[in-house]
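Try each one before you read the solution.

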Amino acid sequence: GEQAHREYKEAISQGHGAYLMDEETPDVFTVSVGNLPPGAKVLIKITYVAELIIEDEAVCFSLPGSVAPWTKAKALQEETQDKVARVEVDDAQTRSFSAQLSVEMPFDIRSIKSPSHQQHVSIKTTATKAVVELPVGSDLGDGFQLLIQLAEIHVPRMWVEESDQDSQSQACMLTFYPEFEADSSVANEVVIMLDCSNSMKGSSIV
């Protein structure tokens with residue numbers, strides 16, 4: 001929030017190295033890094049929790065390769081400090097990536113695949129666990145997608161986490177993907193009407 005922005009500006013003005021991460025939307029983040037020495041390398045670790053969606057009876061994990069142009073432009077134009085020159089990183093030259101994913105599911109994994117990187121992904125599975133790897137230098141392209149089919153995807157599941165500071169404080173998350181027995185679908189008719197009478201032409205009445 002505002003306090004993080006103030007601390008970032010103070011660190012930059014004092015000549016210290018600092019970084020700032022902003023959440024532009026629930027799934028778009030912007031990272032600002034300041035006062036890097038010449039030739040320095042930076043490792044930024046981000047930990048977050050996201051809900052996985054269900055697509056065609058499969059759990060879907062997606063890592064987008066790009067965002068909408070107006071979202072990117074807004075993020076790059078944000079003024080986080082005014083003490084040093086700002087450099088905007090063009091991701092067109094930095095889209096090479098690698099990935100190592102550890103998957104643990106509550107039920108047996110029937111299949112796991114990556115539609116976006118079928119030829120380059122390496123997948124090793126046991127009954128309920130899997131390790132997915134993409135080698136260094138892989139092309140992110142439009143994004144990375146992983147689909148996981150489970151033996152019992154419709155069974156409700158619950159996770160319980162205890163607080164590190166207070167053992168009496170717990171958080172629970174319940175998830176379920178209901179299954180409905182529906183009758184055969186009935187053909188629907190969609191009617192689109194276009195008004196070509198120019199009745200809305202002219203100045204506003206109100």
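**Exercise 1.** Find which strands each supply at least two residues of the nonpolar patch.

*Solution.* Start with the strands: β1 (18-25) and β2 (28-34) each give at least two residues, strands being DSSP E runs of at least two residues, numbered from the N terminus. Next, the largest share, 3 residues, comes from β2. The patch includes Tyr19, Phe29, Val31 and Leu63, and together its members have about 940 Å² of accessible area. Finally, Tyr19 sits in β1 and counts as exposed because its relative accessibility is 59%, with the cut-off at over 50%.

This is a predicted model, where local features need pLDDT of at least 70 and side-chain atom pairs 80 or more, while totals for chains, interfaces and linings use all residues. Numbering runs from 1 along each chain, and side-chain values use heavy atoms, without hydrogens or water.

**Exercise 2.** Work out which residues touch the most other members of the largest nonpolar core.

*Solution.* Among its 18 residues, pick out Ile112, Phe144, Leu146 and Ile148; a core joins buried nonpolar residues (under 20% relative accessible area) through side-chain atoms within 4.5 Å. Then look at the strands: β5, β6, β8 and β9 each supply at least two residues.

**Exercise 3.** Locate where confidence is lowest and highest in the chain.

*Solution.* Helix α2 (residues 69-76) is lowest, at a mean pLDDT (confidence from 0 to 100) of 63, and β6 is highest, at 93.

Methods: Patch = residues over 30% accessible without salt bridge, like charges linked within 9 Å, V, L, I, M, F, W, Y side chains within 5 Å. Areas by Shrake-Rupley, 256 points an atom, 1.4 Å probe, with all protein chains shown as cover. Salt bridge = Lys/Arg side-chain N within 4 Å of Asp/Glu carboxyl O. Helix = DSSP H or I, 4+ residues; strand = E, 2+ residues; numbered from the N terminus. Buried < 20%, exposed > 50% of the residue type's maximum accessible area, 1.4 Å probe, protein only. pLDDT = per-residue confidence, 0-100.
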